[in-house]
Amino acid sequence: MAGERVLPDGVTARRAVEAVWRIESARIVATLTRFTGDFALAEDIAQEALAEALASWPRAGVPANPGAWLVAVGKRRAIDGWRRDAARDVRYAALARELGEADAAAAASSTPPWDPDAIDDDVLRLVFIACHPVLSREASIALTLRTVAGLSTEAIARAFLVPVATVQQRIVRAKKTLSAAAVPFEVPPRDEYPARLSAVLSVVYLIFNEGYAAASGAEWMRADLAREALRLGRVLAELVPREPEAHGLVALMEFLVARFPARLSAAGEPVLLADQDRSRWDRMLIARGRAALARADSLGRGRGAYGLQAAIAECHDVAPSVGETDWGRIVVLYEALGRIAPSPVVELNRAVAVSQAEGLATALRIVDSLAASGSLAGYGLLPSVRGELLTRLGRTDEARAEFEKAIALTSNEREHAVLVAKVRAL
């Protein structure tokens, strides 16, 4: 019968819950934080709502709007908790006052005054809360990746090459600190932007990276997560229009999202940059990226780390083919990036560009130096890049060994399959 709800089995229901949480978790927690005024409580009741979904959906079916269902259950759990709380009357009175004030304001004017600093975006408010100055930078990033990006503590630990227990401790301490400091659920006043902007840009960038190349799981990329990071970046750039790095980050994300239509085959298999059909790249997004980078440059303060990465991405996006890419310029841009934001990952990426611009032997020396330093121990892309260089140099046995190291270090199923195919090809 049309419209009849199909009852899922336990496995199907669990998958549905996991899918909804992956897509909607940031908005669910953000909405519940706004409702309760307590970040830690919001995440707790969101988890309780998930548990209720796992128990309810196999019997009653997956609701038409699963995200709204989880929010409604979370709100009920919050209200139940307040009813049990000795201070519930105070809370109810405060809520009643707020409702009365809102009704009075609405009655007084149907057109409230425009506030250029106001953002009607719960997820962005959530990011600003997680990046509050009372938290360390490491704690802010871990908390935001866990709450907004929905990453597991294991995935966050892999991304930063630290123990899982360290990430767990950072997140727990961050929640306790925010509760103790009674941090409000709001975008901060403009004079507080500088204290938080760097961390906010960092977490938006890291959320995007997880969407662009998932650290684990069955999907090579999470396009929904990357596009959400791009949306947040666009809103943030309009909030701080005089900050070149905000526009630089938006430009970088525009350039990379433009390639999404060509990054997966029809079967969902990864398609690497050299093999992508560039006619499928989104030219509108490339144009938006160039406009954002030009806007950053127009502020006259030079390019920062995000602006330089955007310029590198632009070189790829405007080139008709890999062979026609301006690799010399990319090498120079990586050298500049390495000076203002030194990182072994930047040096590894520079080596890839050097292999195209200056030769394989020179690139291999850079990669060997990184391997010897131990700075990228446990980072799967290091043996993967080394394997590529050795393959092109005809050193097949060594290349196979490097790809096998990379296979052991990857937790993403699609990336694993690509590496296995490289070994078989050798």
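Predicted model: local features only at pLDDT ≥ 70, side-chain atom pairs only at ≥ 80, totals over all residues.
## Thr147 and its surroundings

Leaving aside residues up to four places away in sequence, Thr147 touches Ser25, Ala26, Val29, Phe39, Glu43 and Leu126. Thr147 sits in helix α6. With a relative accessible area of 3%, Thr147 is buried, since the cut-off for that word is under 20%.

Is helix α6 enclosed or open to the outside? Helix α6 covers residues 137-147, and eight of its eleven residues are buried, so the helix is largely enclosed by the rest of the structure. The buried residues of α6 are Ala139, Ser140, Ile141, Ala142, Leu143, Thr144, Leu145 and Thr147.

Helix α2, residues 39-60, passes α6 with the two axes coming within 13 Å and crossing at roughly 30°. That angle makes α2 roughly parallel to α6, because angles under 35 degrees count as roughly parallel. The crossing is left-handed. On the α2 side, the residues that meet α6 are Phe39, Glu43 and Gln47; on the α6 side they are Leu143, Arg146 and Thr147.

Helix α16 (residues 344-357) and helix α17 (residues 360-373) form another pair, with axes that come within 7 Å and cross at roughly 165°. This makes α16 roughly antiparallel to α17, because angles over 145 degrees count as roughly antiparallel. Here too α16 passes α17 in a left-handed crossing.

From α16, the residues in contact are Pro344, Glu347, Leu348, Arg350, Ala351, Val354 and Ser355. They meet Leu360, Thr362, Ala363, Ile366, Val367 and Leu370 of α17.

## Thr153 in helix α7

Thr153 lies in helix α7, which runs over residues 153-160. At 12% relative accessibility, Thr153 counts as buried. Which residues does Thr153 touch, not counting residues up to four places away in sequence? They are Arg146, Val164, Val167, Gln168 and Ile171. The C-alpha atoms of Thr153 and Ile171 are 8.9 Å apart in space, while the two residues are 18 residues apart in sequence. Arg146, another contact of Thr153, is one of the α6 residues that meet α2.

In soluble globular proteins, nonpolar side chains tend to be buried together. In this model the largest nonpolar core has 117 residues, and Leu143 and Phe208 have the most contacts inside it. Helix α9 (residues 193-212) gives the most to this core, with eleven residues. A second, separate core has five residues, including Phe403, Ile407, Leu419 and Val423.

Leu143 is also one of the buried residues of α6 and takes part in the meeting of α6 with α2. Phe208 touches Ala226, Ala229, Met253, Leu256 and Val257, again not counting residues up to four places away in sequence.

## Cysteines

How many disulfides does a search of the whole structure find? The search finds zero. Cys131 counts as buried at 3% relative accessibility, and Cys315 counts as buried at 9%.

## The chain as a whole

The protein chain has 20 helices and two strands. Of its 426 residues, 45% are buried. Among contacts with a separation of 6 or more in the chain, 66% join residues 24 or more positions apart.

Note on methods. Residues numbered from 1 in each chain as written. Heavy atoms only, no water. Core = buried A, V, L, I, M, F, W, Y, C linked by side-chain atoms within 4.5 Å. Buried < 20%, exposed > 50% of the residue type's maximum accessible area, 1.4 Å probe, protein only. Helix = DSSP H or I, 4+ residues; strand = E, 2+ residues; numbered from the N terminus. Contact = heavy atoms within 4.5 Å. Disulfide = S-S within 2.5 Å. Axes fitted to C-alpha atoms, helices over the stretch in contact; angles between N-to-C directions. Parallel < 35°, antiparallel > 145°, perpendicular 65-115°, else oblique. Left-handed = near helix turned anticlockwise from the far one by under 90°.
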